Amino acid sequence: MATAKEKKAPAKKEAPKKEAAQKLQHPKERYMFWYENMLLQRRFEEKAGQLYGQQKIRGFCHLYIGQEACSSGTATALTPDDKYITAYRDHGMPLALGTSPNAIMAELFGKETGTTKGKGGSMHIFDKERNFMGGHGIVGAQIPLGAGIAFAEKYNETGNVCICFFGDGAVRQGAFHEALNMAMTWKLPVIFVVENNGYAMGTSVGRSSNVTELYTLGEAYDIPSEPVDGMNVEAIHEAVSRAAERARKGEGPTYLEFRTYRYRGHSMSDPQKYRTKEEVEEYKLRDPIENVKQVILKHEFATEEELDAIDKQIKETVAESVKFADESDFPDPKEAYTDVYADEDYPFIME
């Protein structure tokens with residue numbers, strides 16, 4: 001990506017439009033997908049934050065605002081047959097994969113039309129049809145699960161990979177190290193991704209460990225590891241593509257550190273006293289959606305008016321998801337006994 005100095009420098013000669021487009025590593029369609037997809041996540045999360053304040057959404061709620069490049073860049077780098085698993089900041093990834101905003105919003109409302117019938121809530125979004133293996137509320141619990149999913153893919157010789165997301169706080173868990181060790185020993189087709197947004201809840205990375213370059217933790221297990229600009233969707237796509245290629249060749253896991261940032265607090269109850277407003281505003285200058293928008297405008301993939309129309313349509317989609325969730329019913333109390341055991345006649349179910 002060009003530096004600020006390079007962007008301001010006047011071009012010596014205006015290149016033909018066709019040549020300018022060819023200089024881009026990614027096609028127009030991909031940039032347009034990234035823009036629409038990241039903007040959908042942003043507008044959805046902004047609305048979720050408002051609805052939480054209105055007590056339409058209750059319990060825990062962790063917004064993804066600022067981190068949209070991580071999910072959108074991943075979605076274009078992998079295939080629909082690959083598997084995806086993440087932590088409890090999990091609204092963005094299923095939206096990136098194409099899960100219905102209606103179903104996700106209904107789940108946030110605790111309604112029966114939600115992705116997990118209203119029984120999972122914000123931290124437990126799942127979509128089997130899109131191979132989204134869920135958000136997980138226990139810190140780091142999804143890391144060995146991700147390795148296990150990759151083991152199944154290798155055992156069944158599917159050629160698919162599993163990408164496993166977790167936050168920077170999860171790398172202090174023992175299961176993280178155990179999973180990395182086993183994954184490399186068995187050369188599992190898994191991509192481990194730490195979304196390092198700088199703070200494990202309210203504790204900065206520098207206060208929790210002497211090791212602040214989190215990607216280096218993978219090197220202890222000889223896993224190819226690298227830092228990635230998590231505010232740059234192109235960098236995300238390219239890093240995940242390289243990792244997926246390695247995995248499909250049977251070369252085992254890759255460990256990526258997406259250096260990203262969340263503009264909102266850890267959760268809706270976070271007063272954010274551990275960071276300054278100036279720090280947040282500084283990161284907003286690197287906003288991934290705005291970066292892609294500028295590429296689109298520069299290369300004339302779309303006009304300002306066309307992008308405004310996309311934004312309007314997305315807002316209408318989000319508004320429809322709220323209406324859908326609001327009008328849906330809460331699950332029947334009997335649902336508390338369903339989807340708990342695979343065996344419906346399990347003898348130890350007490351009513």
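**A tour from Thr74 to a helix pair**

Select Thr74, which is placed in helix 4 (residues 68-77); helices here are DSSP runs of H or I with at least four residues, strands are E runs of at least two, and both are numbered from the N terminus. The model is a predicted one, in which local features need pLDDT of at least 70 and side-chain atom pairs count only at pLDDT 80 or more, while totals for chains, interfaces and linings use all residues. Residues are numbered from 1 along each chain as its sequence is written, and side-chain values use heavy atoms, with hydrogens and water left out.

Is Thr74 buried or exposed? Thr74 has a relative accessible area of 0% and is therefore buried (under 20%; exposed is over 50%, partly exposed in between, with a 1.4 Å probe and protein chains only). Next, display the residues in contact with Thr74, leaving aside neighbours within four places in sequence: Ala69, Tyr84, Met93, Ile163, Phe165, Ile236, Val240 and Phe258. Contact means heavy atoms within 4.5 Å.

Now select helix 6 (residues 101-109) and helix 13 (residues 304-327), which pack at an angle of about 45° with their axes 8 Å apart. Axes are lines fitted to C-alpha atoms, for helices over the stretch in contact, and angles run from 0 to 180 degrees between N-to-C directions. On the helix 6 side, colour Pro101, Asn102, Met105, Ala106 and Phe109; on helix 13, the contact residues include Thr317, Glu320 and Phe324.
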